[in-house]
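Q: Hey, could you walk me through a few spots in this structure? I'm new to it.

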Amino acid sequence: MYRTVYSPQGARINLDGREVVNMASNNYLGLASHPAAIQAAKEALDQYGVGPTASRNIVGNFPVHDALEKALAEFKDVEAVLVFNCGVSANTGVIPFLVGKGDVIYSDALNHGSIIDGCRLSGAQVKVYGHKNMKSLEEKLKEPVEGKKLIVTDGVFSMDGDLAPLPEIADLADAYGAMLMVDDAHGDGVMGPMGRGTVDHFGLRQRVYVETGSLSKAFGSAGGFVAGSRELIDALRPKARSFIFTASPMAPCLAAAALKVIEMISDEESYVKKLWGNREYFANRMKKLGLNIGTTVTPVIPVIVGDGERAQKMSRDLFEKGVFAQVIQFPMVPKDAARLRVIISAGHTKEDLDLAADAIEESAKAMGIL
């Protein structure tokens, strides 16, 4: 059964009728309930109503959609952006556009499910390489191919909080004539200067062919997008099935809220700095306790327990202590790698982080994990 939230998303939420510290939301910058974003959404509701009721290429395009795409393009330092109704639609729309039957996709073994679905929909041959394993990727790239080649990877992997080795992947893409696509849903607003993403974190803006992203995480709203050259976006707009066969990609009020957040973080670096300060503080506490947090280098911090039943028990125990941390287990991760996936937000106070860390320590000791 679902747990139910009875409050705005924030560092503390009312979950199933109880106030808890929220360590499970992708609200990286803590802006999902910021008064400025709420006000922007309210004004858009008054001006445009609730829903668009038609696709953008019929009668569902509003000025706020165009403004959002322009702001996103400037934020990502690309020529153009196309907004979709969610990140899943962005991936399932752009991958079949880029490649098809006779082409080959090279996909990281731990890529997000929406990438996997996009690959399947394309009809292209899919070759899965070992997670972040450049030897595995190159061995597959060396195999003869008649059609186009596409390498696709997450920027930040959402279960382990590690980064794709994008510089090495870009080198292989150049060497073997492959397009490079990065899904940066968990990197936008988080990684790189001003939170511009993992591609900018590595300084690879001119070497990545296309990016996809999400507006439902650090940007605190909803929707997804594809970012790239003007030529690519102009060609994608009339052909991406997940774009043209849906009502306008997002309600105008959601577009307005996302636009306001992008404006806020483009002008103010403090949100991203606060996020990383919180991340380092909490990660260091977990390390000092001797808990296994894997290979994370981002605000996604897995507390790896191992056994699925123990992880579930620990999550229930934490909830009783006023902390919510989501269990992740097989098949989302290997059977022996069940974990609590803790996600740090700029909205967390030091008190929130200490309460969560203390609860994890107490629970881990009681269960014999420490």
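Predicted model: local features only at pLDDT ≥ 70, side-chain atom pairs only at ≥ 80, totals over all residues.

Q: OK, helix α12. How far apart are its end C-alpha atoms?
A: They're 19 Å apart. That agrees with the 18 Å that its 13 residues, 308–320, should span at 1.5 Å a residue. The expected span is 1.5 Å times one less than the number of residues, and helices here are DSSP runs (H or I, at least four residues), numbered from the N terminus.

Q: Which residues of α12 are buried?
A: G308, A311, M314, S315, L318 and F319. Buried means under 20% relative accessible area, exposed over 50%, and partly exposed in between (1.4 Å probe, protein chains only).

Q: Where do those sit around α12?
A: Down the axis of α12, the buried residues fall within an arc of 140°, so they line one face of the helix. The arc is taken from the directions from the helix axis to the C-beta atoms.

Q: And what's on the face turned away from the buried side of α12?
A: The exposed residues E309, K313 and E320.

Q: What happens at the start of α12?
A: A side-chain oxygen of D307 comes to within 3.1 Å of the backbone nitrogen of E309. Just after α12, G322 has a positive phi of about 90°.

Q: Switching topic: is D354 buried or exposed?
A: D354 counts as buried because its relative accessibility is 16%. You'll find D354 in helix α13, residues 350–366.

Q: Which residues does D354 touch?
A: Y281 and R285, leaving out residues up to four places away in sequence; contact means heavy atoms within 4.5 Å.

Q: How many residues of strand β9 are buried?
A: 5 of its 5, residues 224–228; strands are DSSP runs too (E, at least two residues). G224, V226 and G228 point one way from β9, and F225 and A227 the other way.

Q: Which strands pair with β9?
A: Strand β3 (residues 80–84) pairs with β9 in the antiparallel sense over 5 bridges, with L82 opposite V226. Strand β8 (residues 210–214) pairs with β9 in the antiparallel sense over 4 bridges, and G213 stands opposite F225. Two strands pair if DSSP finds at least two bridges between them.

Note on methods
Residues numbered from 1 in each chain as written. Heavy atoms only, no water. Polar contact = N/O pair within 3.5 Å; in protein donor to acceptor, adjacent residues only side chain to side chain.
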